[in-house]
Amino acid sequence: MQVSTILAVLLVLSSISYLAGRRRSLATAGGKIRLLHSLPGYYGFYAAIWCAIPALLLLGLWQAFEGSIITGLLIAGLPEELKALSPARLQFVFNDIKNIADGNIVAGALKPHLQAAAAHYTHVKHISEMALAALALALAVAGMGFALRAIHADHRARNKVEGMVKILLMACSTIAIFTTIGIVLSVLFEAVRFFRVIPFTDFLFGLEWSPQMAIRSDQVGASGAFGAVPLFAGTLLISGIAMLVAVPIGLMCAIYLSEYANRGFRAFAKPLLEILAGIPTVVYGFFAALTVAPLLRDVGKGLGLDVASESALAAGLVMGIMIIPFVSSLSDDVINAVPQSLRDGAYAMGSTQSETIRQVIIPAALPGIVGGVLLAVSRAIGETMIVVMAAGLSANLTANPLQAVTTVTAQIVTLLVGDQEFDSPKTLAAFALGLVLFAITLALNLIALHVVRKYREQYE
Amino acid sequence: MDKVRASLAKRYAKERRFRVLGRLAIYASLSFLVILLSSIVANGYTAFQQTFIRLDVHFDQQLLDPEGMGRREALADADYSGLLKKTLREMFPEVRERRDQRALYALVSPGASYVLREKVLSDPGLVGKTQAVWVTGDDDVDMLIKGHTERDGPENERRLKDNQLGWIDGLLEKGAIQKQFNLAFFTSGDSREPGSAGIKGALMGSVFTLVVTLLLSFPIGVATAIYLEEFAPKNRWTDLIEVNINNLAAVPSIVFGLLGLAVFINFMGLPRSVPLVGGLVLALMTLPIIIISGRAALKSVPPSIREAALAVGASKMQTVAHHVLPLAMPGMLTGTIIGMAHALGETAPLLMIGMVAFIVDVPTGALDPATVLPVQIYLWADSPERAFVERTSAAIMVLLVFLVIMNAAAVILRKRFERRW
């Protein structure tokens, strides 16, 4: 039986046990609902849960471990010389066996022991499917029987059902932790494989980035270098330009909207700024590559400067435009949180509005603004599409914004979207870069949180 | 006092300058938005029209159905590109040299012979008759008619040679070249040929991916928000979960792509480039947004509602399920719609899990290879043909329209259903 059929049967069985549970509860109370501890529906849900959950758990475990157990059985049945093959070649043999079993074409001749192995595989799979179906349905029926026997008028069904629902809610909330653990483990695992081939210090402090890996030592690609410093320099250059654009404009926008603007202007300008935040980054990248970069190149030519067609300046400018609403909304929240009493005190002393802002409000809101700027920097560092489309792939170690540079994220995309095999250091380098990126953005976020918490003034 | 009065003028001037600076900042941001949108629209609006050339096609029976029995297989396998070339030669009988003839054939798009095939297969009675058929022009012709390329300049630097320009002028005089609505943009999948390239494949891929994302992230996100807000004890474990969620909201999207690649594709063996895996990765990205907005919505329900329900004898779970959750639902839905709008525009994590392949067929399920609209925009932006520039901009316009619709829906939902306690 297919898994989907089993699921459908389980659904039907659970509905039946819901109805049976309800009927039984009313029966034990002699038809009077008032004598029951909980509403009849809760008894029904109790029965349905006991019917479905054990069977579903079994299904999950079976699906997870079936593959490896069948593979183990297959290996045991193979002749000796095949068992001694390396894992990669053994994988080919398995593919052949599975193809024969499915009736597809195979690579190579049809040897008799492969045919026997394919027949064995089909047999084992068939047994596994039947066993799964039988066990799952048996568990479901047993669960239904157990629940129905336990139901009586004083049975605290509501409490039991609510306890189960609470466990379900708690399980959902641990998915966030599993995601973080998953990210850290998966990136770490592959990065460690990379660092076994390329030393850690070479990667972090090397000055040349030329990710090629040769199969033989006398091939052209043998001179690969995996020094990531040009990538860090490129990332910092583009993020720096973006911050130079975003922080002054964003901060002034926030100040004007919260201090000077009247309600009508605010109602008009704030949604438009939100629109800037909602535009997908691929649109910004296209705009940068199509309009901004050629414009900068023509302006540079007119001024006599040599601007590369994929300059860091173009990417940095457009990234800055993208980050403006981020800085603006974070600063807006912080500036609004400064209590009115401080402003009133400053006005009472005779200061103008700009003097109040510059000398009273901004210093009071400074921790929050710094936290917001750090979060914006973390966003700029992690930005991918704008730099992939507008900045180049040439790893230059330069501080000149008119040249082409590449960033960490652009290299991750290039390394993984190509067609290298998964084990070569070239693709594993992408995971090492991902690890560095994750660590730096995590550190920036934690520092921002710490700065805000430690230096925030408690006014009330 | 005099000192103060003397410095007043300077201080007021500074005040005025500061205010002007603030206004300049806002106007600068808004003008960036206007420049961005107008440059996209200016580049893209021409893509909604496509140049068509009218050919007077004689559906020659000798060429299409020599046996004369009208069998469908014979008609399906016939040489339609030969028919197309014959028609063009008949329309321009003065063209004799092979090189000139090849230049003539290059005036129509490579997909034109399929248009003739479709016409004959849907109406086999056409064999032996003559009819005028509008076929798509080649993308170089399209760019010329729309005014994107120049007619002057040395011949070897142009895409269209002098003889081709002469034929085009001849067709223009006869009224046989027209710009019509570009339906192929909305009904066909991707193609290397700009005239036949459309966004339908990418749109369906986006739809399937967003459906998977919604089905996964909404229940789990709401469940987590309810647990964290209503039931979780205030201990270190809960603090850890909260810090985790806030961190996940700030992790760069490409790291989620690496996670999807390492766990879903390599470890669990799911197929690459399918909306299921894309939806899984995007669901992980959207979860923190839904959780944070869900918690805010639950927090905004006043305690009096909860206390009233408890006082009447409901249990905690019944209070939350029957009283608090329905009142907080509009806020949760608003947060979910905004999260979905973010997911619609995401590109980087989907590049990592392989949705960057060149896929021609329109996907029909969540397990068919597919691509999504932002990735399609990225792929087209890399293509060298000029005609793809306008198509990329048009695809961006379609994407932005969808985003505007979703955000407007969120705003309307918020205005109509959210109650201010």
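Predicted model: local features only at pLDDT ≥ 70, side-chain atom pairs only at ≥ 80, totals over all residues.
Chain A itself is divided into two parts, domain 1 (3-155) and domain 2 (220-455). The centres of these two domains of chain A, taken over C-alpha atoms, are separated by 51 Å.

Chain B contains an open sheet of three strands. Their order is β2-β1-β3 (chain B), and the pairing is antiparallel. In general, the strands of a sheet pair through backbone hydrogen bonds, either parallel or antiparallel. Strands β2 (130-136) and β3 (177-181) of chain B form the edges. Each of these edge strands pairs on one side only. Neighbouring strands of the sheet are turned against each other by 40° on average, direction ignored.

Strand β1 (residues 49-58) of chain B is joined to β3(B) by five bridges, and the two strands run antiparallel. B:Gln49 has B:Phe181 in β3(B) as its bridge partner. A helix also packs on the sheet: helix α6 (residues 112-122) of chain B. This helix touches β1 and β2 of chain B. The direction of helix α6 of chain B makes about 140° with that of β2(B).

Methods
Residues numbered from 1 in each chain as written. Chains lettered and ligands numbered in written order. Domains from an automatic or database assignment. Pairing = 2+ DSSP bridges. Helix = DSSP H or I, 4+ residues; strand = E, 2+ residues; numbered from the N terminus. Axes fitted to C-alpha atoms, helices over the stretch in contact; angles between N-to-C directions. Contact = placed C-beta atoms within 7 Å.
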